[in-house]
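Let's walk through this fold together, sheet by sheet. Have the structure open as you read.

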Amino acid sequence: FWPHIVCHVSRTSLMMGFVAAPVLAGKLLPRSTPTVAPSAATRTAGDAGQATLNYAVGLAAASVLAGCWRSRAKLGARRKAANPTQVVAAKAEGPALLCDCDGTLVETERDGHRVAFNKAFKEVGIDCEWDVELYGELLTTGGGKERMARYFSDYNPSAWPYPELPSKAHPAIMDLHQLKTKLFMEIVESGALPLREGVKDLLSAAKAAGWTIAVCSTSNEKAVAAVVRVALPEFAPTTRIFAGDCVKAKKPDPAIYNLAATELGLAPSKCVVVEDTNIGLRAGKAAGMHVLVTRSIYSEGEDFAGADFNTRNATEISFAKDLALLVDLGFTSGQRVTVLGPPAMAGKKGCIVGPASGEAIAVRFDSGSVFNIETRFIQDAVMPAPTAGPAGPATVSTPSTAEGDGVLEFTRGQRVTLLGPPAMVGAQGSILGPVPGGTFAVRLNSGSVFNIETRYIQDAIAPAPTSQPATALCAAAAGEEEKQLGFAPGQRVVALGPPAMAGKQGSIVGPALGETFAVRFNS
């Protein structure tokens, strides 16, 4: 019998048996106390025989136990590998989409959690039931245990059958929550809770773009994992789950989103949170992240001021034009912005249309014209525009010359004439103040404000240079000669590019820098 068992264990198990045999031998076959004292020789032989037998039995038993332990470890490893929600921790290579679960991925609150809570109350004999309206009020408290503690404290103290005050740590609350989770998982496993509209398409677009997908919920981790596994089987193997009591504080505290960003190795600005409630929005924003709200049954009337997007469901959002643009460039489609440059456009306002080539964004100005503007020249419209310098003279040094550094002084309100760029030659206006980069903000007589390099500014009482004749053409260096560009002011033209302007019509205003002309579109 013993050789049969021993031959089925591994070398490692056998080595463990040698180590553990003396201990187990004493436990399995304790030495008996004889009634008559044996002789020394008999005692010595008997001890040796007893020790040999004990050691052999202990060795075999320890080897078997070691083999069982290793088999159990392997089985556990296989079970863990078979569980699709167990994702190996890894740093994210791109941005992340961090989704709430209940009410965001699936409408679980009314038809899932509420029903499970009521079943749990009934099973333990607590006389209460949460109707649809009451549960909506209780949802303003994050976490199921916290929700029950609030209910039995504030709404129905007489239904609490225990002498101690209700709290999330009370054994009865914890047992109730465990039972409720079991009942909820039965509902989930039945497939009775479908995904919300647009969720699958949104996650598919994010996954295709290389984004990491994670679920961040204050609900029980097993329940969240079940929702992901049943409702999103194709995403489950790679979806990270942060849920339950993995953080001490519930939403609106940002702890769970802070944890997700830390674990994924991402800056908050690279994370987009998808939530359905005000407390979820507050949690995401407190973590410094972008937040997309997809209002649920219970949150329709809540305040979502501050959300980057506030939608009825995920079908109203474009991943490429909205979320990707927001993360990559810091702006959203439709966002009101002020343009800070180039000089000819400084101060203009409009709305973001979408991403353009390189680090540029298409902006539709209030006039209707659309231009591709570099992101460094775009600022949110609610932010204050660059302020003028302090009252009094403002001194800006001009570039060094052979004679030394000249100094130009301009004061706020001083009347000036522009010497350039070509399209603005001769225009007059007033100094607002200095701005960074050796320029001054000038309000032209038309009311437009531009940042003008000091070399193009001259006091208005000095004679202004005459503008180029109507037939003047912009020249580009071509050896020692100048290449003529055949357009005249007022001439009607059609723009062939860039793509955002192709086909637009307008009139030539005059030559500008390089081989360009200023064109006034019909808009």
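Start with an open sheet of 6 strands, in the order β3-β2-β1-β4-β5-β6 and with parallel pairing. Strands here are DSSP runs of E with at least two residues, numbered from the N terminus, and two of them pair if DSSP finds at least two bridges between them. At the edges sit β3 (240-242) and β6 (309-311), each pairing on one side only. From one strand to the next, the twist averages 20°; axes are lines fitted to C-alpha atoms, for helices over the stretch in contact, and angles run from 0 to 180 degrees between N-to-C directions.

This is a predicted model, in which local features need pLDDT of at least 70, side-chain atom pairs count only at pLDDT 80 or more, and totals for chains, interfaces and linings use all residues. Residues are numbered from 1 along each chain as its sequence is written, and side-chain values use heavy atoms, leaving out hydrogens and water.

Within this sheet, β1 (residues 96-99) runs parallel to β4 (residues 271-275), and 4 bridges join the pair. One place to look is A96, whose bridge partner in β4 is C271. Helix α9 (residues 221-231; helices are H or I runs of at least four residues) lies across β2 (212-216) and β3, at about 150° to β3. Contact here means heavy atoms within 4.5 Å.

Now turn to another open sheet, where 5 strands follow the order β17-β16-β15-β14-β18 with antiparallel pairing. Its edge strands are β17 (449-453) and β18 (457-459). Neighbouring strands of this sheet are turned by 50° against each other on average, direction ignored. Here β15 (residues 428-435) and β16 (residues 439-444) pair over 6 bridges in the antiparallel sense, and V435 has T439 of β16 as its bridge partner.
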